[in-house]
Amino acid sequence: MTDVEKRPDRSPVPADWTYAPAPESTEIVSLRERYGLFVGGEWVAPRTGEFFETISPRDEVALAQVAQAGEQDVAAATEAAREAFGAWSALPGSERAKYLFRIARVLAERSREFAVLESLNGGKPIKESRDVDLPLAAAHFFYYAGWADKLEYAFPNRRPKPLGVAGQIIPWNFPLLMLSWKIAPALAAGNTVVLKPAETTPLTALLFCDVLRQAELPPGVVNIVTGDGRAGAALVEADVEKVAFTGSTEVGKAIQRQLAGSGKKLTLELGGKAANIVFDDAAVDQAVEGIVNGIYFNQGHVCCAGSRLFVQESIYEPIVEKLKRRMATLRVGDPLDKNTDVGAINSRMQLDKIEELVAAGRAEGAEVYQPPCRLPEKGYWFAPTVFTNVAQSYRIAQEEIFGPVLSVLTFRTPDEAVEKANNTPYGLSAGIWTEKGSRILWMAERLRAGVVWANTFNRFDPASPFGGYKESGFGREGGLHGLEPYLAFDD
Ligand code: NDP
């Protein structure tokens, strides 16, 4: 009999434990009523004359008006980037590095302001934006600053040269971090940039323009155009040498079709349906923490989220039991509260999608568990959810939910674990939990995933490449691999 079975009602923290509120002040953030587009180092009004409201998903309160860029606006931004390209790419790498170091330092200095704004506009818990998004965003600029004057060493005998203007399109789950993943390597390699943030989370990218001015980056080297998917589509069509996209597989495929034969370089970082695989010799408590972090971090709005849990049959019951107990201690609520573990769902549209897939899971016959938790009345919320009794063919085991919803499946042998884990159109990440090093290596070799974590999950480092196989996209971000897509070579 396992420990868990002996002590079924002992929970580390009672489910009804109440915490005193610990709200982070929002005073550090000052917002304008209305934002234009950042083109050639200046704020300009959109030629469309259109603006839209950006809200906070925690209470649906409007935060600011943001410009909707049209084709002409995107063209003006790419022209500004092209004009800036000559001087920027001719700078010695050591000079470009100085700007990147400055940006990194300013981001670190202003990290609290950025973290609060990220949580306000996107809904993620402040402890995550403060302890994960901001340190990693600054770290990316620091890291790529170091490569700017060493490109010849990074790619010996290949004469690396910048491509020109990069058009970059990012999603809403890690707004500032994705901006850093895109802009830092592009600038280090000597390119100039036009970046479009997601419609629901434009504010940290707009605040970043202030950082660019503080760092005295030459005008036009980075341009920010806001708007919905139309602005993204215009940027793909625009006069750019390279398109870098992170977002849904559906839009990624459309972009690939659009660019076929155009000669423009493309990298795609798309969806995922990662397998988190727990063997019966794993350290169970650590594995449960890893499972929780794998799926409930950032409300599950994570492309590499461990959304399919595979448990070896012999430990299925204790793992599910411990997992449910741990879920009961997750604090769901105000993203600006320092105690919050699971914040607000990013948008009404995303909440609808999560609800639709969860309803499909119930209808297909899976068993659902949600810990008792009081959700705020206003705003967009979804309780942490786990499905058991899931068949591989269910939609919840196949489709990317992009929310705090976990599907649990079982396996008996390592071969079966590999086969089931690879049974998805995606291939972005995977996790393995076992005490056996040889099994980790055996599994990692066979899993068709760009990133494989062992006895941990959701770990990121600027020096480590990240990207997918199959419908999760192609190209890598991070590390030396992340520089390559922004360079042309003689060979
Ligand atoms: P999208 O792929 O639509 O959005 C990603 C970015 O692309 C946004 O900036 C978006 O603008 C822009 N965009 C939208 N349409 C086009 C287009 N035709 N051409 C160029 N750019 C375009 O993702 P969604 O925000 O709609 O999310 C839908 C689903 O995608 C989620 O439920 C999730 O499953 C998945 N997703 C995966 C992500 C990942 O990191 N792998 C990230 C985000 C979503 P806008 O915001 O204005 O629509």
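**Notes on helix packing and the ligand site**

1. Let's start with a crossing: H7 passes H8 in a right-handed way. Handedness here means that a crossing is left-handed if the near helix is turned anticlockwise from the far one by less than a right angle, and right-handed if clockwise. The names come from DSSP runs, numbered from the N terminus: helices are H or I runs of at least four residues, and strands are E runs of at least two.

2. Before going on, keep in mind that this is a predicted model, where local features need pLDDT of at least 70, side-chain atom pairs count only at pLDDT 80 or more, and totals for chains, interfaces and linings use all residues. Residues are numbered from 1 along each chain as its sequence is written, and side-chain values use heavy atoms, with hydrogens and water left out.

3. Back to that pair. H7 and helix H8 (residues 203–214) pack at an angle of about 55°, their axes being 8 Å apart. That makes H7 oblique to H8. Axes are lines fitted to C-alpha atoms (for helices, over the stretch in contact), and angles run from 0 to 180 degrees between N-to-C directions. Under 35 degrees counts as roughly parallel, over 145 as roughly antiparallel, 65 to 115 as roughly perpendicular and the rest as oblique.

4. Which residues of H7 and H8 meet? From H7 there are Pro175, Leu176, Leu179 and Ile183, and from H8 Thr204, Ala205 and Phe208. Contact means heavy atoms within 4.5 Å. By class, this H7–H8 contact has six nonpolar residues, one polar and no charged. Nonpolar covers Ala, Val, Leu, Ile, Met, Phe, Trp, Tyr, Cys and Pro; charged covers Asp, Glu, Lys and Arg; the others, Gly among them, are polar.

5. H7 (residues 175–188) also packs with helix H3 (residues 93–109), at about 165° and with axes 10 Å apart. H3 and H7 are therefore roughly antiparallel, and their crossing is left-handed. On the H3 side, Arg96, Leu100 and Leu107 make the contact; on the H7 side, Leu176, Ala184, Leu187 and Ala188 do.

6. Now look at H2 (residues 71–90) and H9 (residues 229–237): the angle is about 45° and the axes are 9 Å apart. Glu71, Val74 and Thr78 of H2 meet Ala231, Ala234 and Leu235 of H9.

7. Finally, the ligand. It has 27 residues around it, and Trp172, Asp228, Ser248, Leu270 and Lys353 come nearest (a residue is near if one of its heavy atoms lies within 4 Å).
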